[in-house]
Amino acid sequence: MSGHAKPMAGLPPQEAVAHRADLVISIEQARAIPWPDARSHKHSRGRLAVICGGRLQTGAARLAAAAGHRIGAGWVSLIAAADAATILACHETERLIVERAALQSLSSLCSGFDAAILGPAFGLTATQADDVLDMVQGFSGPLVLDADALTLMAQGGRHGPPWQAVQARSAPTILTPHSGEFTRLAGSFDRGNKAKATLQLAQELRSIVVHKGAETWVASPDGRLASSQLATPFSASAGTGDVLAGLIAGLVAQSMPAFEAACAAVWIHATAANRVGPGLIASDLIAALPAVLNDLVPEGLRAR
C-alpha cells in the first residue's frame with residue numbers, strides 16, 4: 001500500500017497513532033484485490049464457509065454468502081442445522097448447503113475451507129456461545145466475526161474464553177463491529193478519537209478491527225490504521241453490514257492479506273452503496289458489485 005507510514009508494531013497504541021500518517025482508503029486498495037487468470041478454477045479461487053442462524057434468521061447469512069461469492073470466492077457454502085438448511089434449499093442456487101447434524105462441531109464442518117464467517121443473525125444462546133469458542137479455537141483459517149458473534153464475545157467478558165481464544169489464534173481474525181458492538185467489546189470510548197480506540201482494540205485482541213460507521217476505521221495489531229469517509233447515509237439499512245463481512249471474507253478466502261482485504265472491501269462496499277443511493281437495501285449492494293468490479297478489473301478481463 002503506497003502512501004502510508006511504516007507499521008509501528010512495537011509502540012503502544014497511543015504512540016502508534018501519534019507517530020504515523022493514517023492511510024485514507026482509496027481505489028488503489030480496491031484495484032489490488034485478487035483477479036482470476038486462464039488457469040483459475042472454482043476451487044483455486046477460494047472456498048468460503050458461511051455459518052447460518054436459525055430457520056427464521058437465514059437472510060443475513062445469505063447476504064454475506066452472496067457478497068463473498070460476488071467478490072470472487074469460487075466455492076461458497078452455507079452451513080446450517082436441518083430446519084434452516086431446508087429454508088436455504090428453497091432459495092439458494094449458486095451456493096452449496098451443508099447440513100449440520102446434531103452435536104456436530106462447526107469447526108469440523110469448516111475444515112478444508114479457506115475462510116469462514118460467523119455471526120450474522122447467528123443467535124445469542126449459551127449453545128451458540130460454545131459454537132463461537134469452537135470456531136475460534138478449532139478453525140485454522142481466516143475467520144470473520146460479525147454481529148452476534150461479537151455480542152457473544154462481549155458477554156463472555158474481557159478475560160473470558162472467547163476473548164482469550166481470539167488473542168491466541170495464529171490465523172487472521174477480522175472483527176467487524178458497528179459502534180454499539182464496539183462499545184460492548186471495548187467499553188466506553190472517546191467518539192472523538194475513534195482511530196485510537198479502534199487501534200487499541202485491534203492490538204488487545206491481536207485482530208483486524210473494522211469499526212463501521214459514517215467514518216470507518218480499519219486497524220491492525222501491527223499499528224496500521226486506515227480510514228474511509230465514503231459511506232452514504234443510505235447504507236444505514238439492515239443487512240448492509242452482513243454484505244461487508246461477506247466481501248472481506250470472500251477476499252481473504254482468495255488469500256488476500258486480512259488488513260488489505262478489509263480496506264479493499266470497505267471501499268468497494270461504499271462505492272456500490274453510493275451508486276445505488278436513495279432507496280438502498282442490502283441486496284442492492286450485491287447487485288451493484290459487478291459494475292463496480294468491472295471498473296477495477298485489469299483491461300484484459302474487463303467486460304465489453
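Let's start with the second largest pocket, which has a volume of about 300 Å³. A pocket here is an open set of points on a 1 Å grid over the protein atoms alone, where a 1.4 Å probe fits, with protein on both sides within 12 Å along at least five of seven lines. The volume is the space filled by probe spheres set on those points, which are joined across faces, edges and corners. Before I go on, please remember that this is a predicted model: local features need pLDDT of at least 70, side-chain atom pairs count only at pLDDT 80 or more, and totals for chains, interfaces and linings use all residues. Residues are numbered from 1 along each chain as its sequence is written, and side-chain values use heavy atoms, with hydrogens and water left out.

So, what lines the second largest pocket? There are 21 lining residues, and nearest the centre lie Arg-100, Phe-122, Thr-127, Gln-128 and Asp-131. To count as lining, a residue needs an atom within 4 Å of a point. Two elements, β3 (75–81) and α6 (126–138), each give two or more residues to this lining, and α6 gives the most, with five. Helices are DSSP runs of H or I with at least four residues, and strands are runs of E with at least two, numbered from the N terminus. By class, this lining has ten nonpolar, seven polar and four charged residues. Nonpolar covers Ala, Val, Leu, Ile, Met, Phe, Trp, Tyr, Cys and Pro; charged covers Asp, Glu, Lys and Arg; the others, Gly among them, are polar.

Now the largest pocket, at about 370 Å³. Its lining has 19 residues, and closest to the centre are Lys-212, Gly-213, Thr-216, Ala-231 and Ser-235. Here α11 (240–253) and α12 (258–276) are the elements that give two or more residues. The lining divides into eight nonpolar, ten polar and one charged.

Buried means under 20% relative accessible area, exposed means over 50%, and partly exposed is in between, with a 1.4 Å probe and protein chains only.

Last, His-91, in the loop between α4 (82–89) and β4 (96–100). His-91 is partly exposed, at 46%. His-91 and Arg-62 are 29 residues apart in sequence and 9.2 Å apart in space, C-alpha to C-alpha.
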